[in-house]
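Subject: Structure for you to look at

Hi,

Here is the structure I promised to pass on. Have a look first, then read my notes below.

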Amino acid sequence: MKVSPKQITNAADVNAKKEVKADDSVNFNLPPSNNNNISLSNIKTQISNVNNNSDNNNDNNNHVSKEPVNIVKVYNLHKTYLLGIEGVPALRGVSLNIQQGHFVMLLGKSGSGKTSLLNLIGTIDQPTRGDLEICGVKIKRGMTDACTADLRLNHLGFVFQTFNLIGTMTALENVLLPTLLKNGKTTPEAKAKALELLRRVGMSERAKHYPSQLSGGEQQRITIARALVNTPSILLLDEPTGDLDTKNTENIMRLLLALNLEGVTMIMVTHDPNLKSYAHRCIHMMDGRIYNDESISSEIRERAIKELGGFGFKQNNDGTTTTIVIEQQEQEQGMGGDDNLQSMAMNKTELRQPKDFYSILSD
Ligand SMILES: Nc1ncnc2c1ncn2[C@@H]1O[C@H](COP(=O)(O)OP(=O)(O)OP(=O)(O)O)[C@@H](O)[C@H]1O
Ligand SMILES: [Mg+2]
């Protein structure tokens, strides 16, 4: 399996949008920086500084910093796509800070700019105008692909609106892909980690399956495992539950909440207003702008998590509550009640290749 580092960007950029080319009249207004030579080592230093700060600031509770560290800083972000000769404004001045350890939902009607914003935060697309700082790294127009790829590989995990799994790779190979791109090889430890992640998303039994042999919900779980393999600081999720039924939605939410408790910052696009109670904060978008920035109270959040199940609550001396994952339940139930049945069925079922379904692929 030979994949060049350049290909990660191509694979990650499946949603990449055609943008209006910045000309002299387009002002990419970034704050002054002492460092005009953007290099990989500089970026690594900036990232490690942020990580050190955040280590000091994290508490043992829900990993929400006592002294907030903003892991995402966005100021007056504009994005205009070029469609023919017309510019389509997708973002019209979005400003937003996201605190490390927070679970943030992005809600809004279709076309309101949610995916555009997520792509810019994920550095897989460039703003037409505005300032952006992710994990302490100022994102500048003209940054080399190697610089942003480093940020993506080490600190960001993506779960795309479309699954973007590579059809010719098994589930395990898909999960291992970011490790391969990061290190140029896969080690037995990396494979063990990928298998552990597959177990965690309830997909151990499907490790050797190709995407075409998996349901939408199962593919979504593989993409979540793939997004986690390089231990990201931020997980960017574009409608991860969009195609799922209620039970699978709840299973994915349990997994995401558990990851958030472990300290992963979550930025999740959804159309489902019922999910917002699981978040610390809900950003409502309309016509490329934020029109409401809603804080979810801890009471509402705890109630929603309690009803979801799989979590316990511990009362602290200071009156606050700590949420804890009930591991046993997660292991016993896996990701879905019918998974055990499905895996039992799989033991009796011959594994079929895509060409078994599509005769056109036969020799
Ligand atoms: N590649 C593109 N070229 C031209 N216009 C685009 C492109 N991608 C998005 N747009 C436009 O930008 C606007 C915002 O799109 P975006 O995909 O960010 O919306 P969204 O909120 O994610 O919508 P949905 O909920 O349907 O996924 C829309 O008007 C859309 O038509
Ligand atoms: Mg979208």
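Let me start with one strand pair: strand S7 (residues 234-238) and strand S8 (residues 265-269) run parallel and are joined by five bridges. Strands here are DSSP runs of E of at least two residues, helices are runs of H or I of at least four, and both are numbered from the N terminus. Two strands count as paired if DSSP finds at least two bridges between them. Within this pair, Leu236 has Ile267 of S8 as its bridge partner.

Before going on, some housekeeping. This is a predicted model, where local features need pLDDT of at least 70 and side-chain atom pairs count only at pLDDT 80 or more, while totals for chains, interfaces and linings use all residues. Residues are numbered from 1 along each chain as its sequence is written, and chains are lettered from A and ligands numbered from 1 in the order in which they are written.

Now the sheet that S7 and S8 belong to. It is open, has six strands in the order S6-S7-S8-S3-S9-S10, and its pairing is mixed. Strand S6 (156-159) and strand S10 (289-295) are at the edges with a single partner strand each, so one side of each has no neighbour in the sheet.

Further along, S3 and S9 are parallel, with five bridges, and Met105 is partnered by Cys282 in S9. S9 and S10 are antiparallel and share six bridges; there, His284 sits opposite Asn292 of S10. The hairpin of S9 and S10 has two residues between the strands, and Asp287 takes a positive phi near 50° in it.

Ile267 turns up again in the largest nonpolar core: of its 73 residues, Val175, Ala225 and Ile267 touch the most other members. Such a core is a set of buried Ala, Val, Leu, Ile, Met, Phe, Trp, Tyr and Cys residues joined through C-beta atoms within 7 Å. Buried means 20 or more other C-beta atoms within 10 Å of a residue's own, with C-beta atoms placed from the backbone; exposed means 12 or fewer, and partly exposed is in between.

Finally, which residues come nearest to ligand 1? Of the 14 around ligand 1, they are Tyr81, Ala90, Ser110, Thr115 and Ser116, where near means a C-beta atom, placed from the backbone, within 6 Å. Strand S1 (70-83), strand S2 (86-99) and helix H3 (114-121) are the elements giving two or more residues to this shell, and H3 gives the most, with three.

Cheers
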